[in-house]
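Please read the following note with the sequence and the model open beside it.

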Amino acid sequence: MDPTVLARIQFAANISFHILFPTITIALGWALVFFKLRYRATKDLKWMDVYHFWVKIFALSFALGVVSGITMSFQFGTNWPGFMERVGNVAGPLLAYEVLTAFFLEAVFLGIMLFGFRKVPGWLHTLATVLVASATTLSAFWIIVLNSWMHTPTGFEIRDGVVHAKDWLAIIFNPSMPYRLTHMLLASGLTTAFLIAGLSAYRWLRDDRSPAVMSALRFGVVVAAILIPLQILAGDMHGLNTLEHQPQKVAAMEGNWETGPNKPLLLFAWPDEATRSNRFEIGVPNGASLILKHDAEGVVPGLNDFRGQHPPVAPVFFAFRIMVGIGMLMLVVSWAAAWWLWRRGEPHPWLARVLVGMTFSGWLATLAGWYVTEIGRQPWLVAGVLRTSDAVSAVPAGMIGATLAAYLVTYVLLLAAYVATLFLLARKGAKPQTIETGPTPHPNAFVAAE
Amino acid sequence: MFDNPAVWLPVAFAALMGLSILIYVILDGYDLGVGILIPIARPEERDRMIASIGPFWDANETWLVLSVGLLLVAFPVAHGIILSTLYLPVAVMLIALIMRGVAFEFRAKAEPAWKATWDRIFFAGSLITALAQGYMLGLYVMGLDRSLATVGFGAITAVCVAAGYTLMGATWLIIKTDGDLQRRAVRRARVALVVTMVGFAVISIVTPLVSPRIFGRWFSVPEILILSPLPLVAFALAAAVWVVLSNQPHGQDRFAWVPFAGSAGIFTLAFLGLAYSFYPFIVPDRLTIYAAASAPESLMIILVGALVVVPVIVAYSALSYWVFRGKATDLRYD
C-alpha cells in the first residue's frame with residue numbers, strides 16, 4: 001500500500017481516537033465548575049453528588065486524552081516530517097504556546113482538583129476546577145488556530161520554499177478560525193450534554209432516581225436543547241465561510257459536479273468520481289442554492305471547476321450527511337425531552353431509552369464533522385501551500401502498517417474499556433454505600449474509588 | 001555572539017530543551033520507577049504507591065511533550081530525522097505510555113476483578129517505556145546507526161535507564177511511604193543503585209571507544225580537566241546515597257530525602273556529560289543545532305513566551321508538591 005495513504009490512516013486513527021476525549025473534557029470541565037458553583041450557592045449536597053460522579057468520568061477521559069495526545073506530538077515528526085520542515089515557523093510557536101500555556105496548567109491543577117478536595121481550602125479547589133476548565137478551552141483555542149490556519153493560511157510569506165511568519169495577529173485570527181472554534185466548542189458542549197443526559201437516563205431506568213440523578217438529567221437535556229439551535233446556526237455560518245475560502249470542499253459536501261444556479265439539496269446520492277456524476281439522487285429542489293446563497297437562483301460551485309484539485313467526494317459527502325443527520329436528531333430528541341421533563345418532571349421510559357441510545361451521539365457527529373473538513377482539505381496539507389504527499393516521511397510502508405495495527409488494537413480495547421467503565425460507574429453510582437471499592441473503606445465509596 | 005540571534009537562539013533552545021528533558025527524566029523517572037516497583041507491593045499497598053504519584057504523573061509527562069515539542073518547533077529537521085529513525089521504539093514507547101497512563105484510572109474504576117490485570121498492565125507499561133527510552137538513548141549515542149553492535153549497546157542503555165528509573169522510584173517511595181513498604185523500597189533502591197552505576201560505567205567506557213569524536217572531546221587537555229570531575233562527583237554522590245541508604249529506613253525519616261536528591265544529582269551529571277559530548281550536534285555527527293534551527297523570528301516568539309510562562313509553571317508545580325507533601329498514606333482521594 002502507498003506509504004502516504006498508510007501514514008494518513010495512521011494519523012487519522014490516532015487523532016480520531018484522541019479527539020474523542022478532549023471533546024468531552026473541554027465542556028465537562030465547565031459543567032463541573034457549574035456543579036461546584038451550584039453547590040456553593042445552594043449548599044444542596046446533591047450538587048456535590050453530581051460533581052463527584054462526573055469528576056471521575058472527567059479524570060478517566062482526561063487521562064485518555066493526555067496519553068493519546070503524547071502520541072500526536074511524536075507523530076508530527078514520525079509521519080509528517082515535511083510538515084514541520086516547511087511550515088514549522090508558523091506551526092511551531094502555536095504548538096509551543098499550547099504546551100506552555102495550557103498543558104502544564106491543566107495537568108498540575110487537575111492533581112489538586114482530583115486529589116486535593118480535603119487538602120486545600122474550598123475556594124482553592126474551586127479555583128483549580130476553573131483553571132482546569134480554562135486550560136482545556138485554551139488548549140482547544142491554540143490547536144484550532146493551527147488547524148484553521150492550515151485551511152485558510154494568512155499572515156505568512158514563503159522564502160526558499162519555507163514558510164515564514166509575517167503577521168502573528170493575521171495568523172491567529174485567520175479567516176476560518178472564529179467559525180471553527182465556535183463550531184468545535186459547541187460540539188464539545190453537545191457531546192457532553194448528551195453524555196450526561198444519556199448516563200443519567202441510564203441510571204433513571206435502573207431506578208436510581210435520586211435528586212442528584214434528576215438534576216444531572218435535567219442539566220444535560222436543557223444544555224443540549226439550548227446548544228443545538230446555536231450549533232445549527234454556527235454550522236451554517238461555518239459552511240458559508242468555507243464556501244468563500246474552500247469552494248471545492250463545499251462542492252464535495254453538496255455532491256455538486258457542475259457550477260450553476262437552482263441546485264438541489266441532496267438528501268441521498270451515490271457520488272461516482274469515475275463518471276463524475278451522482279447515482280440514486282434524492283433531493284430538495286433549489287435546496288443547496290437556498291442554503292448556501294439564501295436565493296433559489298444562487299450559483300453553487302461545482303467539482304468540475306476543480307479537476308485534480310478537489311478532495312475525494314464520497315467520504316466528504318457522506319460524512320457531512322451523517323453529521324447533519326445526527327444534528328437534526330439531537331434537535332428533535334433534546335427538545336422533546338426538555339418539553340417532557342418540563343411538563344411531567346420525569347422522562348417517559350421510551351424517552352429515557354432514546355437518550356441512552358444517544359449517549360455517544362456527539363462523538364459520531366464530531367468525528368463526521370472533522371472528516372468533512374479534513375478530508376475536504378485534501379490534496380493539501382496546508383491549503384495552497386503544502387501538499388500532503390510532499391510532507392510524508394520516508395518510513396517504509398510495512399513498518400507504518402505494523403505499528404498502525406498495534407495502535408488500532410490498543411485503541412479498540414481502550415475504547416471498549418472506557419465505554420464499559422462509564423456504564424459500570426453509572427451502575428455503581430446507584431448504590432454508593434454498598435460498593436466495596438478497596439482496602440481503605442471510606443464513607444463515600446466514590447471517594448475511595450478515585 | 002549575542003548580537004547575532006541566529007547564533008545564540010539555537011544555543012538557548014538547545015539549553016531549554018535539555019533542561020526540559022532533564023526535568024522529564026527525573027520527574028517521570030520516579031513515577032515510571034514506582035510503576036516498575038509495583039510487583040514488590042502487596043495488592044493493598046499498591047494503592048498507596050499509586051497514591052504517591054497520582055497528583056503528579058500527568059504534569060510529569062507534560063515535560064516529555066514539552067521536550068519533544070521544543071525539538072519539533074526549534075529543530076524541525078532533527079525532529080524528523082531522529083523520530084523517523086527511531087520509528088519503531090517510539091511506537092513501542094507510545095503504546096506503553098498509553099497503557100500505563102490509562103491503567104492509573106482503570107485500576108480504580110473498572111470491575112474489582114480486573115484490578116490485578118490493570119496493575120500488571122501498569123507495571124508492564126512502565127517497564128517497557130523505560131526500556132524503550134533507554135534503547136533510544138543508546139542508538140542516539142551510537143549515532144542513530146542500526147547494527148548488531150549498536151543494538152547490543154542499546155540493550156545495555158535500556159537496562160541502565162530502567163534501573164535508573166527504578167532507583168528514582170524507590171527513593172521516591174522512601175520519602176512517601178513508611179513501614180514495611182518503605183523497608184522494601186530501601187532494599188530495591190540499593191540494588192537499583194548498583195545496577196545503575198555499573199551501567200553508567202559501561203556506557204562511559206564504551207562511548208569514547210566507538211566515537212573518535214567523543215574520544216577527542218574527552219581525552220584531550222584541557223577538556224579532560226573540566227570533564228573529569230563529572231564522573232568523580234557522580235560516583236561520590238552514589239557512595240553518599242549508598243551510605244544513607246544503609247541507615248534507612250530511619251525512624252524519624254531523617255535524611256529520607258537524600259537518596260532521591262542524590263539520585264537526581266547522578267542523573268543530572270550523566271546528562272551534562274552527554275550534552276557536553278554531543279554539543280553542537282543535535283543529530284550525532286550529522287546535523288548541528290545551527291543547521292537544524294527554525295527561523296530566528298519564530299524562535300524569538302517562543303522564547304519570550306517560555307521565559308514568561310516557565311517560571312509560572314515552576315511556581316504552580318511547587319504549589320502542587322507543597323499541597324501533597326507528606327506520606328502517601330495521608331492522601332485522601334477526593
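This is a predicted model: local features need pLDDT of at least 70, side-chain atom pairs count only at pLDDT 80 or more; totals for chains, interfaces and linings use all residues.

1. Residues are numbered from 1 along each chain as its sequence is written, chains are lettered from A and ligands numbered from 1 in the order in which they are written, and side-chain values use heavy atoms, with hydrogens and water left out.

2. Helix α11 of chain A spans residues 349–357, and its buried residues are A:L351, A:A352, A:L355 and A:V356. Seen down the axis of α11(A), these buried residues fall within an arc of 145 degrees, so they line one face of the helix. The arc is taken from the directions from the helix axis to the C-beta atoms. The face turned away from the buried side of α11(A) carries the exposed residues A:W350 and A:G357. Buried means under 20% relative accessible area, exposed over 50%, and partly exposed in between (1.4 Å probe, protein chains only). Helices (H or I, at least four residues) and strands (E, at least two) are DSSP runs, numbered from the N terminus.

3. Strands β3 (265–272) and β4 (277–284) of chain A pair in the antiparallel sense over six bridges; pairing requires that DSSP find at least two bridges. A:R279 in β4(A) is the bridge partner of A:W270.

4. In the largest nonpolar core, of 241 residues, A:W54, A:F83 and A:Y418 touch the most other members. Such a core is a set of buried Ala, Val, Leu, Ile, Met, Phe, Trp, Tyr and Cys residues joined through side-chain atoms within 4.5 Å.
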